[in-house]
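Biologist: I would like to learn how to read a model like this one. Please take me through it feature by feature.

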Amino acid sequence: MRKSRRLIKFFSLFIALCLIIAAICLVYVRQHEFTAPPEPAGRGQNPPPIRHLFLVTFDALRADHLDLYGYPVVTAPHLTRIAAEGYVFARCITQGVMTFTSGPILLYGRYYADLLDKKTGALDPPFPSLPEILRDQAGYASAVFANHGDFPVNRKLFDAFTDDFHLTESELAKQALAWVEERADRPTFVWLHLFAPHSPQPAAGARFESALAYRLQHPDRFHDVPPLLRPRMKDVAPRNWATYDAAIAKSDDALAWLIAEMRQAGLLERSLVVFSADHGERMNIDGILAHKRWAKRSLAHVPLVVLAPPAWRQAAGSFRTVSTTVRHIDLFPTFCAAAGIDPPQGQAAGVSLWRILDGSIRRDLPAFTDGAGSGIPMSFSLEDGPYVLSHVVSPRKSPYRLYLGKTDPQELKNLRSRHPLAFLSLLYRLSLYPQSPVNHQRYDSGPMTPEEIERLRTLGYL
């Protein structure tokens, strides 16, 4: 009898303890769920519409390989100088780690899984695209200028579409500016995508030799190559990264030319220029080829610089660095706000960067990244504040890892057992995001030539 009473008391205490722990976790989760704060009086209103909208993306550009973000090699001096006139977002997280996922995310302002057909897994967005909304509601003409070779957006959505990997970065910039100047009677939206940083990169002459020499002389100043590498990586990694650094400068030169010409033509003061990257780069570290299917910080953390016209600058304040974490899905409502229109009800998954700049939102925005790809393994991640919860789709045990994303960009220290409440909070919220199936079809932009197929195979897409 006494034994049964002890068992009953034990189980009662155990259940009470479980309920207390569950209540604590629920309170923690609720406190850390994102809710937009109330807008201060006089804020939250969009500034006057902007006539010309530019989205400039570098392909496969990691934020931490720019001197603007503290990199020890000067890889993009022009961007650093340009950024002094605008807003630098210290922490921007992409929602797709490959071009064929991040492209549609930028175009529709939704997570990639929201854009897939639920039955077939093919890309079939049930929403209007940004160029369609800008055209129908505000009369904008739109164009894409890229040298990707298989830029994964529907060319029928744009008034003009150029994607030729034979074109240099500078030639693309000249075509984009000429297209805008020819349409003086209409507002315009231009997406300029510069491919140079993508693997494989050319040696880039003296810049490559200089970057390589610096890297070999000061290996302790670089954090992108973990100290424990397989023997075959010890000689390959410095050369690969030096070539990568030198290639960034090619896109930087084209960007400098574009901004200088826009300034001279009087377009810059009437334009919103948003500079970012579609995703980062991994360069075969830990066996991860380039940027496939992994929601690592080296792939998810991308640069973001915004050049705004006088009306925005006066309302938002002086030029500054913005520490608030933002996402690629926030660019869609930003361009809508810049055009003086509202996104279709229920479409925008993000918030306008204007609400960050005018002080309406000051908290880090939770950033989900989908590692969707054409095979396994793949991963998902959720970053909120200092923490990153990563989930790898694989048969291994304990697929979840918890990292400090800002202080451990290589995600080397798993803190899951040290921070159980943060882990449980992120675990719950990660389950709420739409996650792509492991295998799905890519958007079919039409038949490709044998040359295009071979190029995609070389780059690791096929």
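Biologist: Start with a helix. Which residues of helix α4 are buried?

Modeller: In helix α4 (residues 130–138) the buried ones are L130, P131, I133 and L134. Buried means under 20% relative accessible area, exposed means over 50%, and partly exposed lies in between, with a 1.4 Å probe and protein chains only. Helices (H or I, at least four residues) and strands (E, at least two) are DSSP runs, numbered from the N terminus. Before we go on, this is a predicted model: local features need pLDDT of at least 70, side-chain atom pairs count only at pLDDT 80 or more, and totals for chains, interfaces and linings use all residues. Residues are numbered from 1 along each chain as its sequence is written, and side-chain values use heavy atoms, with hydrogens and water left out.

Biologist: What covers the buried residues of α4?

Modeller: The cover includes β1 (52–58), α3 (99–108), β4 (141–146), β6 (188–194) and α10 (331–338). Just after α4, G139 has a positive phi of about 75 degrees.

Biologist: Which residues other than glycine have a positive phi?

Modeller: A60 is one of them, with phi near 60 degrees. A60 lies in the loop between β1 and α2 and is buried, at 0% relative accessible area. E411 is another, at about 55 degrees.

Biologist: Next, the core. What is the general idea?

Modeller: In soluble globular proteins, nonpolar side chains tend to be buried together. A nonpolar core is a set of buried Ala, Val, Leu, Ile, Met, Phe, Trp, Tyr and Cys residues joined through side-chain atoms within 4.5 Å. Here the largest core has 111 residues, and L53, F89 and L272 touch the most other members. Its largest share, eight residues, comes from helix α7 (residues 233–264). Another core, of five residues, lies apart; F208, A211, A242 and A246 are among them.

Biologist: Which residues does L53 contact?

Modeller: Contact means heavy atoms within 4.5 Å. Leaving aside neighbours within four places in sequence, L53 contacts L134, Y140, T188, F189, V190, L272, F335, A338 and A339. L134 is also one of the buried residues of α4.

Biologist: Now charges. How do I read a salt bridge?

Modeller: Side chains of opposite charge can pair when their charged atoms come close. The rule for a salt bridge is a side-chain nitrogen of Lys or Arg within 4 Å of a carboxyl oxygen of Asp or Glu. That gives 12 salt bridges here. One of them joins R91 and E383, at 2.8 Å, N to O. R91 lies in the loop between β2 (87–89) and β3 (92–93) and E383 in strand β13 (residues 378–384), so the pair ties together parts 292 residues apart in sequence.

Biologist: Are R91 and E383 buried or exposed?

Modeller: R91 is buried, at 8% relative accessible area. E383 is buried too, at 1%.

Biologist: What does E411 pair with?

Modeller: E411 meets R297 in a salt bridge, at 3.1 Å, N to O. R297 is in helix α8 (residues 297–300) and E411 in the loop between β15 (400–404) and α12 (420–430), 114 residues apart. R297 and E411 are buried. Salt bridges that share partners join R91, R297, E383 and E411 into one network.

Biologist: Last, empty space. How is it found?

Modeller: Rolling a probe the size of a water molecule over the atoms shows where empty space is left. On a 1 Å grid over the protein atoms alone, a cavity is a set of points where a 1.4 Å probe fits but cannot get out; lining residues have an atom within 4 Å of a point. Grid points are joined across faces, edges and corners, and a volume is the space filled by probe spheres set on the points. This structure holds two cavities of 30 Å³ or more.

Biologist: Which residues line the largest cavity?

Modeller: The lining is L79, I82, L255, I259, V273, F275, V305 and L307. The elements that give two or more residues to this lining are α2 (77–83), α7, β7 (271–277) and β9 (304–307).

How values were computed:
On a 1 Å grid over the protein atoms alone, a cavity is a set of points where a 1.4 Å probe fits but cannot get out, and a pocket is an open set with protein on both sides within 12 Å along at least five of seven lines; lining residues have an atom within 4 Å of a point.
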